[in-house]
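This report is meant for a reader new to the structure.

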Amino acid sequence: MASKIAPSLLTSRTYWARPISAAPTALTASAAKVPKATVPLVHRSVNAHINGAQLSSRTNFTANNTAFSQKRFYAAPVYKASPDTDVTQPPREQDAYKLQHHDDISSRNFAYFMIGTYSFIGAAAAKNIVTDYLVHFAASADVLALAKVEVDMASIPEGKNVILKWRGKPVFIRHRTAEEIAEANSVSLSELRDPETDADRTKKPEWLVMLGVCTHLGCVPIGEAGEYGGWFCPCHGSHYDISGRIRKGPAPLNLEVPAYDFNEADGKIVIG
Amino acid sequence: MFSRAAYTTGTRAFRAPSFAQGRMASTQAGPGPFGADRKAAIAWFTKAAAGSAILGYGVSNYIATDERIAPLSKALSDSVNALQKKADDLGLKLPFTVAHAFSTADHGLHPPHYPWDHYKPWKTYDHASIRRGFQVYKEVCSACHSMEYIHYRNLVGVSHTEAEAKELAAEYEYKDGPNDVGEMFMRPGKLTDAMPAPYPNEEAARAANGGAYPPDLSCIVRARHGEEDYIFSLLLGYCDPPAGVTVREGLHYNPYFPGGAIAMARALYDEVCEYDDGTPNNASQLAKDVTTFLSWASYPEHDERKKMGLKTLAISTMLLGLSVWWKRFKWSYIKSRKIVYKPGKFDEV
Amino acid sequence: MASAIARTTYNLFFRRSSSYMVGIFASAFAFEIAFDGAADRLWDSVNKGRQWKDIRSKYIEEQ
């Protein structure tokens with residue numbers, strides 16, 4: 001491999017890999033030959049002692065600073081640095097800045113702890129910023145206020161239908177009689193197109209709450225009509241039974257049951 | 001190529017030294033023009049700023065009050081006026097204008113600042129006061145003023161329970177419909193209904209009030225200069241017109257109202273409402289409560305907003321402190337490094 | 001001793017990025033609950049008697 005590398009390159013690599021202390025004499029000689037006279041110096045060396053350690057560098061000024069001139073630095077070579085010193089180690093004089101009873105592990109733990117604290121407070125803040133912005137996509141208070149409709153149960157006598165509007169759609173509420181409940185329960189599931197028991201469709205058997213929208217093409221069925229004693233859609237002739245289940249006609253599904261609840265204390269049905 | 005400059009990489013063992021230390025260590029610069037170190041420089045600047053502030057205040061005060069200078073400024077303004085007059089005669093427009101005196105009669109008397117508790121950054125509205133204020137609105141103001149953006153549901157959890165709000169709503173009948181046969185019908189109010197409007201439309205309101213339109217009160221505190229202070233002062237500010245001021249028939253003199261003549265008659269007198277929580281019902285208490293209520297109506301999000309803001313400030317302060325620490329941590333290597341010159345093995349000649 | 005605790009802490013929480021991140025998210029969760037709770041308590045004590053929840057009891061039993 002080595003033979004394939006151009007000799008000049010090989011030479012240069014070898015040259016730079018060599019320790020500087022063993023650099024060719026020609027090179028050091030040229031540095032050494034810099035005549036002192038080229039730098040007209042007002043020489044003032046600064047030697048500082050910190051905790052007994054002597055600074056090995058000197059800073060030389062070419063001129064004193066006056067009101068109109070800047071201090072100019074001329075960096076002199078460090079005379080006393082040993083060529084064998086590993087420069088990746090901090091020089092000894094920096095010991096002056098070291099803490100007296102310093103523990104590497106505690107220091108590292110402290111730094112990780114601080115950054116971790118910064119992160120988790122930041123994470124909590126970021127989460128709140130995001131959620132606070134997402135809240136703007138939620139339904140506004142006036143929409144939510146209209147999203148529920150209350151009906152007084154006492155105002156609907158047994159065996160009567162009530163139609164009311166909820167979110168722009170009609171809602172059928174029927175207060176069923178005992179015979180009607182028995183009739184709804186007597187139907188076997190195998191006869192049904194969309195099999196659902198009556199218990200699945202009601203929370204209390206006396207109260208049937210459904211969306212009054214035909215599952216065929218969205219007409220409003222007529223109550224107490226049709227071959228099954230329930231609802232009949234005048235548009236295309238779908239027949240629903242007393243539980244609102246499709247029995248005959250083009251509609252594929254039973255009438256939809258919305259979310260609703262009973263407010264027993266006030267005797268009300270709350271739709272929505 | 002003669003030499004190699006190497007950077008000490010530093011380790012975590014090094015904490016950032018203070019700025020002063022770092023600078024001294026890196027350049028041996030000695031005292032600067034503002035003192036030996038940063039502390040001295042800050043002290044220097046603080047003293048300089050304080051000194052110039054005192055000096056400037058003294059000098060400007062002296063100039064402003066000195067009677068020897070007064071003729072000078074008068075001569076200046078006279079010459080400007082003369083120039084303006086010349087320009088007016090010639091039909092020219094000058095890039096400066098002559099100031100006109102401010103008239104309290106035209107703009108309304110500036111209301112004093114009252115110590116509203118909810119002006120403090122950490123205070124919510126006094127909800128008992130909102131409740132009393134709603135009572136005043138309902139019994140007095142609502143005879144002429146609508147509040148079309150405040151619904152009964154807005155009162156729930158603010159000043160009334162849900163049951164109370166439903167009861168209040170049901171006192172009025174609202175038009176609804178159409179029903180199954182396409183007719184509109186009247187039904188008792190629900191939580192989703194707004195405060196009942198006293199007049200069907202603006203024309204009816206103007207006709208009933210001598211041409212003046214009682215403004216909707218939903219956002220009135222936000223919509224008037226002086227906000228709460230103005231509303232409160234206006235409600236109690238009715239008095240006899242001063243000498244030389246005549247008020248047209250049907251109007252009333254109120255110095256806080258721009259122009260001084262307001263169509264609204266004084267509405268709040270002592271004991272026009274009866275509070276059920278035992279609060280004294282003199283006119284100023286009524287005015288304070290109804291102003292608080294109207295302020296809430298204008299800023300219904302006020303309490304939540306303040307709480308959120310204070311939380312945000314607390315979190316931001318923590319994050320600011322930590323980011324200052326973090327910056328110092330990251331910069332400590334740079335601030336505390338020392339550049340060392342490592343020569344080849346040769347002797348200085 | 002102190003060094004042993006520090007070393008254990010380091011090995012438990014900081015040594016691996018995974019455990020560090022888990023710690024951060026768990027702390028964020030706990031911090032949010034604690035901070036919100038403390039802020040609400042402080043807010044309610046500063047505004048004692050002014051908020052609806054303080055005067056609500058006066059009106060709820062009438063109904």
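## The interface of chain B and chain C

A salt bridge is a side-chain nitrogen of Lys or Arg within 4 Å of a carboxyl oxygen of Asp or Glu. By that rule, four salt bridges cross the interface of chain B and chain C. One of them joins Arg50(C) to Asp117(B), with the closest N and O atoms 3.2 Å apart. Helices H5 (127-139), H7 (162-170) and H12 (302-336) of chain B each supply at least two residues of the side that touches chain C. H12(B) gives the most to that side, with eight residues. Helices are DSSP runs of H or I with at least four residues, strands are runs of E with at least two, and both are numbered from the N terminus.

Chain B brings 27 residues to the contact and chain C brings 17 residues, where contact means heavy atoms within 4.5 Å. The area buried between the two chains is about 1900 Å², and carbon and sulfur atoms give 62% of this. Buried area is the accessible area (1.4 Å probe) that two parts lose on being put together, summed over both. Of the area that chain B buries against chain C, Thr124(B), Lys307(B) and Lys311(B) supply 26%, more than any other three residues.

## Basis of the model

The model is predicted: local features need pLDDT of at least 70, side-chain atom pairs count only at pLDDT 80 or more, and totals for chains, interfaces and linings use all residues. Residues are numbered from 1 along each chain as its sequence is written, chains are lettered from A and ligands numbered from 1 in the order in which they are written, and side-chain values use heavy atoms, with hydrogens and water left out.

## Chain B as a whole

Chain B has 12 helices and six strands. Of its 349 residues, 33% count as buried, that is, under 20% relative accessible area (1.4 Å probe, protein chains only). Among contacts in chain B with a separation of 6 or more, 63% link residues 24 or more positions apart.

## Paired strands in chain A

Strand S10 (residues 229-233) of chain A runs antiparallel to S11(A), joined by four bridges; two strands pair if DSSP finds at least two bridges between them. Trp231(A) has Tyr240(A) in S11(A) as its bridge partner. Four residues lie between these strands in the hairpin, where Gly237(A) takes a positive phi near 75°.

S11(A) also pairs with strand S12 (residues 246-248) of chain A, antiparallel and over two bridges. Here His239(A) has Lys248(A) as its bridge partner. From S11(A) (residues 238-241), Ser238(A) and Tyr240(A) point one way, His239(A) and Asp241(A) point the other way, and all are buried.

Note on methods:
Buried < 20%, exposed > 50% of the residue type's maximum accessible area, 1.4 Å probe, protein only.
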